[in-house]
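Here are my notes on this entry, as numbered points. Please read them with the model open.

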Amino acid sequence: FAQRDASIAAAPNADRRKALIARLKENNPRLHEAFERAKRRAEGAAHYLHDSGRYPLCGRGDINTYSVFTEFGRTLTAAAGRTGMIVPSGIASDDTTRHFFADLVEKRNLFSLYDFENKGIFPGVHSSYKFCLLTLAGGDLGEEHQARFVFFAHDVTELQDTDRQIELSREDFLRINPNTRTAPIFRSRRDAEVTRGIYERVPVLINESQEDGNPWGVSFMAMFHMSNDSGLFRTRSQLEDQGYELHGNVFRKPDAEDYLPLYEAKMIHIFDHRWATYDGSEFRDVTEEEKKDPGFAPLPRYWVPKSEVDNHLEPAGANANVRRQWPHGWLMGWRDITNSTNERTTIASIVPRVGVGNNLPLLFVSPGSAKHIGALQSALSSFVVDFVARIKVGGTHMNFFYFKQLPVMSPAGLAKRSPWSAGDESLSSWITDRAYELVFQSQDQRSLVEFLGYSGEPFGYALERRFVIRCELDAAFFHLYGIEREDVDYIMEQFPIVKRKDERAYGEYRTKNTILRYYDRMQEAMDGGDPFVSELDPPPGDDRMTVEQG
């Protein structure tokens, strides 16, 4: 419609677009007829690709031509033959092609994959486009076979760089990406070695191939679709015109149900559900002064009826059998839109019980695991887990299948004694004391901390304390994931934006240096020295740092 009816192309949401298309029958019947013909062609092609049986692995979901082309090429390959193709790199990492790639790995048909960023190789294609040289075997290459990889090459000469050449066996895929068998995107041989070591010690969050492979009892939800559910959304002006008044960020009206804010991904960041607020025309960062006010609540673009939120979280009737009952006054989610080259890739946060858009997927845990939610938030927010996420994410979405395969300690592992603390303090307790100070800095998170057993006032927002606490947590998780000191240094160097910001502000890579200092002190404690004690006074989680106490 962009060239034929700009008003339809520019419609603000799907409901409005459907209504405008329906009116074409009367307003512009020729255009409506052309639309119906195009729609039939598209649906016919999709029906053939999905249901003909020609493409059992790639003929599913949202089909891209290159994937069925690749599957067809494999089908044509003789048992003793080879097939080489130039296709988008997503063949090895995208959700829609994961069944195909998993079959290549399982049957040992993958000979090599050399991944390129298009830096002038194909002048008519955007420079950020990624493609690969994919070589397949028609038959099983044998139990000892290791597929050859190079990632992020810019020129064919880089394929000869031994540090860039990586070999992965079927067992490596089973350990690192057991659910999808998709390819981790290693930039170097060292990336592969460090990641292999992490997965030898720490399991994935959900291993779908094991009966006990979901120790957290995790399930997922995309609550409201920003297009399909837009009919439920109300703006501030619409609600105020109906007599509603704003209390914090909730709209209330006597004898009417509340309208809860609809959180979008851009509103949250790591340990921060008050990252951005809507000022009436666009989202802006919440200021430090606003964050110091425990009564400040960020404003969204839209609000949704409370009953609709409750129906998603505690559904009644037939739906109750297939969807989790969630009685808590808090939720946990992560940013779906991301990239391996961003400052951080895994951005998760605990938010109040609100409406949530589909670009902020939600994660739920079993009742028995919920008491460790602070430790789970901390693990997902750590640099070591983010390092692995950067290797896994091949596009711009942190999809469910990526999230399931992140390395996360089990609740049983977190219940063990902290090896650097005095007494019998558990790891979960040590981590949670720090997590709830980072999270509970506004009144709307009271439900969470009361669930965790804390009854005091919100903690004061202090940037330096937050920095120290997060560095302590990162040092702890580097130890818990079995990372050697030289590899801690290496991992931290894989976050160049964090480094540049630190060097610009402090003249050094302050984040890395602080984490290494705490890492060394924890190591000394584990080797029999004095227990690790926080440099903060009062220590993390101490109620002397609440707002009332200053």
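1. S112 stands opposite R148 in β4. The model is predicted, so treat this and every point below as computed from that prediction. The pairing belongs to strand β2 (residues 110–117) and strand β4 (residues 147–153), which run parallel and are joined by four bridges.

2. These two strands sit in an open sheet of five strands. The order is β1-β3-β2-β4-β5, and the pairing is mixed. β1 (82–88) and β5 (166–168) are the edge strands, each pairing on one side only. On average, neighbouring strands are turned by 20° against each other, direction ignored.

3. Two helices deserve a look against this sheet. α4 packs on the sheet and touches β1 and β3 (130–137). The direction of α4 makes about 175° with that of β1. α5 also packs on the sheet, with β2, β3 and β4 as the strands touched. Here the angle to the direction of β2 is about 135°.

4. How do α4 and α5 meet each other, and which residues are involved? T70, E71 and R74 in α4 meet F100, D103 and L104 in α5. The axes of helix α4 (residues 65–75) and helix α5 (residues 98–106) come within 11 Å and cross at roughly 30°. That angle is why α4 counts as roughly parallel to α5. The crossing is left-handed.

5. R108 needs a check of its backbone. This residue lies in the loop between α5 and β2. Its phi is positive, about 55°, although R108 is not a glycine. R108 is buried, with a relative accessible area of 17%.

6. D255 is a second case of positive phi. The value is near 60°, again in a residue other than glycine. D255 lies in the loop between β8 (250–252) and β9 (259–263). Is D255 buried or exposed? At 87% relative accessibility, D255 counts as exposed.

7. The largest nonpolar core has 132 residues. F101, F149, F478 and Y481 have the most contacts inside this core. Helix α17 (residues 463–480) supplies the largest share, 10 residues.

8. Leaving aside residues up to four places away in sequence, F478 touches F383, V384, I483, V488, I491, M492, I515 and Y519.

9. F383 and V384 are among the buried residues of α12.

10. How are α18 and α20 arranged? Helix α18 (residues 485–492) and helix α20 (residues 510–526) pack at an angle of about 160°, with their axes 10 Å apart. That makes α18 roughly antiparallel to α20. Their crossing is right-handed. On the α18 side, the contact is made by R485, V488, D489 and M492. On the α20 side, T511, K512, I515, L516, Y519 and D520 take part.

11. Strand β13 (residues 330–334) is another enclosed element. Five of its five residues are buried, so the strand is largely enclosed by the rest of the structure. W330, M332 and W334 point one way from β13. L331 and G333 point the other way.

12. What is the partner of β13? Strand β14 (residues 348–352) pairs with β13 in the antiparallel sense, over five bridges. Within that pairing, I350 of β14 is the bridge partner of M332.

13. The bond from D537 to P538 is cis, with omega near 5°. P538 is placed in the segment after α20.

- the cis bond from D537 to P538;
- the positive phi of R108;
- the positive phi of D255;
- the contacts of F478.

Note on methods. Residues numbered from 1 in each chain as written. Predicted model: local features only at pLDDT ≥ 70, side-chain atom pairs only at ≥ 80, totals over all residues. Heavy atoms only, no water. Core = buried A, V, L, I, M, F, W, Y, C linked by side-chain atoms within 4.5 Å. Buried < 20%, exposed > 50% of the residue type's maximum accessible area, 1.4 Å probe, protein only. Contact = heavy atoms within 4.5 Å. Pairing = 2+ DSSP bridges. Axes fitted to C-alpha atoms, helices over the stretch in contact; angles between N-to-C directions. Parallel < 35°, antiparallel > 145°, perpendicular 65-115°, else oblique. Left-handed = near helix turned anticlockwise from the far one by under 90°.
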